[in-house]
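Trainee: Could we go through this model together? I would like to start with the helices and then turn to the charged pairs.

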Amino acid sequence: MKGEVARRQRVLRVRHVQHAMAMAETARARDEADGIARNAQRLRNVRDDLFTGQGVATGANFAAMQELAGRLEQAGRQLDGALYDARRKVEVKEGLSLAANRDREIAVKLKDRARADLEEWRENKLAALPRYRRMQRTGDV
């Protein structure tokens, strides 16, 4: 019976570590997605600021600004794709984290049940002893 409790305790420690690792991976994926979102927003701001605040522009300057705006737009579309992938990765990691949490909770319940079974077994064993042995075991002599 003691071995069962020890085994359940080991499983619980493993499940706890797995849950912690899943939570760390989820946080890392969220940080990555947030970083990509910030970069995409910065690109949009740079592109929007490109044509504002300009006085008289020559044809060459205007063509250069148009070229830069096109490149910024293309980079923004690539970041949008990367952001979509990063958000999907976050969803997957959150699912893994939920599964790890569920496994950890199951391990806690199994450990508690094993501990309760051990206590019940000890009580039954003590109750099965003759009365004078019980008093010796509990110290009522």
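Trainee: Which residues of α1 are buried?
Mentor: In α1, the buried residues are Val 5, Leu 12, His 19, Ala 22, Thr 26, Ala 29, Ala 33, Gly 35, Ile 36, Ala 40, Leu 43 and Leu 50. Buried means under 20% relative accessible area, exposed over 50%, and partly exposed in between (1.4 Å probe, protein chains only). Helices here are DSSP runs (H or I, at least four residues), numbered from the N terminus. This is a predicted model, in which local features need pLDDT of at least 70 and side-chain atom pairs count only at pLDDT 80 or more, while totals for chains, interfaces and linings use all residues. Residues are numbered from 1 along each chain as its sequence is written, and side-chain values use heavy atoms, with hydrogens and water left out.

Trainee: What covers the buried residues of α1?
Mentor: The cover includes α2.

Trainee: How many residues has α1, and how far does it reach?
Mentor: α1 has 49 residues and reaches 72 Å from its first C-alpha to its last, close to the 72 Å expected at 1.5 Å a residue. The expected span is 1.5 Å times one less than the number of residues.

Trainee: Which residues make up the largest nonpolar core?
Mentor: Ten residues form it: Ala 29, Ala 33, Ile 36, Ala 40, Leu 43, Leu 72, Leu 79, Leu 83, Ala 86 and Val 90. The elements giving two or more residues to this core are α1 (2-50) and α2 (59-128). A nonpolar core is a set of buried Ala, Val, Leu, Ile, Met, Phe, Trp, Tyr and Cys residues joined through side-chain atoms within 4.5 Å.

Trainee: And what is Val 90 in contact with?
Mentor: Leaving aside neighbours within four places in sequence, Val 90 is in contact (heavy atoms within 4.5 Å) with Ala 29, Arg 30 and Ala 33.

Trainee: Changing topic, how many salt bridges does the structure hold?
Mentor: There are twelve. A salt bridge is a side-chain nitrogen of Lys or Arg within 4 Å of a carboxyl oxygen of Asp or Glu. One of them joins the side chains of Arg 47 and Glu 73 (3.2 Å, N to O).

Trainee: Where do Arg 47 and Glu 73 lie?
Mentor: Arg 47 lies in helix α1 and Glu 73 in helix α2, so the pair ties together parts that are 26 residues apart in sequence. Arg 47 is partly exposed at 29% relative accessibility, and Glu 73 is partly exposed at 35%.
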